[in-house]
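Please look through the sequence and the 3D structure below before reading on. The briefing that follows goes through selected parts of the fold, topic by topic.

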Amino acid sequence: MSTERVLNFGAGPSALPLSVLEEAQKGLVNFNGTGIGIAEISHRSKEFQAFLDDFEKNIRTQLGVPPTHRILFTQGGGTSQFSAVVLNLLARHRLLHPTATAEETVLDYVVTGSWSKKAAEEARRLAAGNATVRTVVDSRVYSKDGKSFDNIPPHAEFTFSDDPALIYYCENETVDGVEFSHDPQSPASFPFHLLKRDALVPLVADYSSSFMCRPIPHLADHAVIYAGAQKNIGPAGLTILIVRQDCIVDVDAAAKLGVTPVPLILSYKTLADSGSLYNTPSVLPIYMAGLVLQRMKEKGGLPYYEETNRRKAQKLYAIIHEGEQKGVFRRKVQQGSESWMNAVFEVLGEGAEKKFLEGAEKEGMKGLKGHRSVGGVRVSLYNAVTEEEVDKLIAYMTRFLGES
């Protein structure tokens, strides 16, 4: 069995910095000089509490999270938040509008890929009888084949409800390789200008696939931002929430007004009141994510990673474009809507994709096979994937083009 580390371009759980893995090895045996391993230590110990506080401070400082928002830690991945955001924000809406009917309680969903589609489906399941789930826009309507998620629709196609209980979007669709641009001038950016400016808009964003890869546009305008850690900053098992204070509500009081009761473990108020320690948290993932955040700070924080990730994506899309010109590759996402984190494309010709993937694996490059639901090739460029590693992949792609 080989002990050599390969180049991991997998979509998640994804690559982690080698220095963090090596430091975590030490912590598994002796966490911060306690003589107890991190997987053994009490989550209520002063040493772990201090680490958790530093972790939260690092996120707040590097992302610029304002004091109007709490940072919370939970479990269940982004998928659990498909449910939690619906239940918590329906509770908020009921407290604000005690007599609102199901028709008057509207949940707006922007559907641009597989994850936002799943989120909308879960909302319909949970909101049945209590609220109306409305699709703001479905990007499949604007796709090349009328059925694929391959674009961000034009701003003119977005129509938000007047007073929704929530507005949901997924910033980066990992499966489909579609992403809202962070350039405010881009037609593929999120249309923040269409939101009401005179109210606390219940805007919810899934940032699982791009959290901490660059700054979050209009962060303070969001009600809830959530992210699974297993893409950019840690192993699976940790979910990070940034929740505006007005969305941390008494869910039991809302239940008395007829809204669906919120399980305590999904209640944002429960998490906030307990300092994210209502039950035993994901201690080891928190530790490893904390080490990643410390390393990020030492390397220059988000400005460093934003610029590095920009270069990585530009290089990769340049070679994909070159392959398109030669009739070897075909991008799966319309230009302007491509993801920085997850580039997806096809290798044309009978048996060509299999040959491409097998050749890459022989050169120590793994995790390149596309998601089972869409196929093709997917290259994930998360923070721990270095520019040097991307250059090696591009060199392989260049040779593949020359041999095709």
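A residue is called buried when its relative accessible area is under 20%, exposed when that area is over 50%, and partly exposed in between, as judged with a 1.4 Å probe on protein chains only. By this definition S143 is buried, because its relative accessible area is 11%. This is a predicted model, in which local features need a pLDDT of at least 70 and side-chain atom pairs count only at pLDDT 80 or more, while totals for chains, interfaces and linings use all residues. Residues are numbered from 1 along each chain as its sequence is written, and side-chain values use heavy atoms, with hydrogens and water left out.

**Loop residues and their contacts**

- Helices (H or I, at least four residues) and strands (E, at least two) are DSSP runs, numbered from the N terminus, and S143 is found in the loop between strand 4 (132-138) and strand 5 (166-170).
- A polar contact is a pair of N or O atoms within 3.5 Å; within protein, one atom must be able to donate a hydrogen and the other to accept it, and residues adjacent in sequence count only if both atoms are side-chain atoms.
- The side chain of S143 makes such a polar contact with the side chain of D145 at 3.2 Å, and the side chain of S143 also reaches the backbone oxygen of R140 at 2.8 Å.
- Contact in general means heavy atoms within 4.5 Å, and, leaving aside its neighbours within four places in sequence, S143 is in contact with S148, D150, N151 and Q334.
- H155 lies in the loop between strand 4 and strand 5, and H155 counts as buried because its relative accessibility is 18%.
- The side chain of H155 reaches the backbone oxygen of S189 at 2.7 Å, and, leaving aside neighbours within four places in sequence, the residues in contact with H155 include S186, P187, F190 and H193.
- H155 and S186 are 31 residues apart in sequence, and their C-alpha atoms are 9.8 Å apart in space.
- H182 has its place in the loop between strand 7 (178-179) and strand 8 (203-206), where the side chain of H182 makes a polar contact with the side chain of E171 at 2.6 Å and reaches the backbone oxygen of P215 at 3.3 Å.

- Two strands pair if DSSP finds at least two bridges between them, and 3 strands form an open sheet with antiparallel pairing in the order 11-12-14.
- The edge strands, each pairing on one side only, are strand 11 (329-331) and strand 14 (377-380).
- Strand 11 and strand 12 pair in the antiparallel sense over 3 bridges, and F329 stands opposite V347 in strand 12.
- Strand 12 (residues 342-347) pairs with strand 14 in the antiparallel sense over 4 bridges; here V344 stands opposite R378, and N342 has S380 as its bridge partner.
- Strand 12 is largely enclosed by the rest of the structure, because 5 of its 6 residues are buried.

**Helices across the sheet**

- Axes are lines fitted to C-alpha atoms, for helices over the stretch in contact, and angles run from 0 to 180 degrees between N-to-C directions.
- Helix 9 (residues 352-362) lies across strand 11, strand 12 and strand 14, running at about 130° to strand 12.
- Helix 10 (residues 387-403) lies across strand 11, strand 12 and strand 14, running at about 125° to strand 11.
- The buried residues of helix 9 are A352, F356, L357, G359 and A360. Seen down the axis of helix 9, they fall within an arc of 165°, so they line one face of the helix; this arc is that of the directions from the helix axis to the C-beta atoms.
- The buried residues of helix 9 pack against strand 11, strand 12, strand 13 (365-366), strand 14 and helix 10, whereas the face turned away from the buried side carries the exposed residues K354 and K362.

**A pair of packed helices**

- Helix 7 (residues 283-299) and helix 8 (residues 301-325) pack at an angle of about 85°, with their axes 6 Å apart.
- Helix 7 and helix 8 are therefore roughly perpendicular to each other; angles of 65 to 115 degrees count as roughly perpendicular, under 35 as roughly parallel, over 145 as roughly antiparallel and the rest as oblique.
- Their contact is made by R295, M296, K297 and K299 of helix 7 and by G301, L302, Y304 and Y305 of helix 8.
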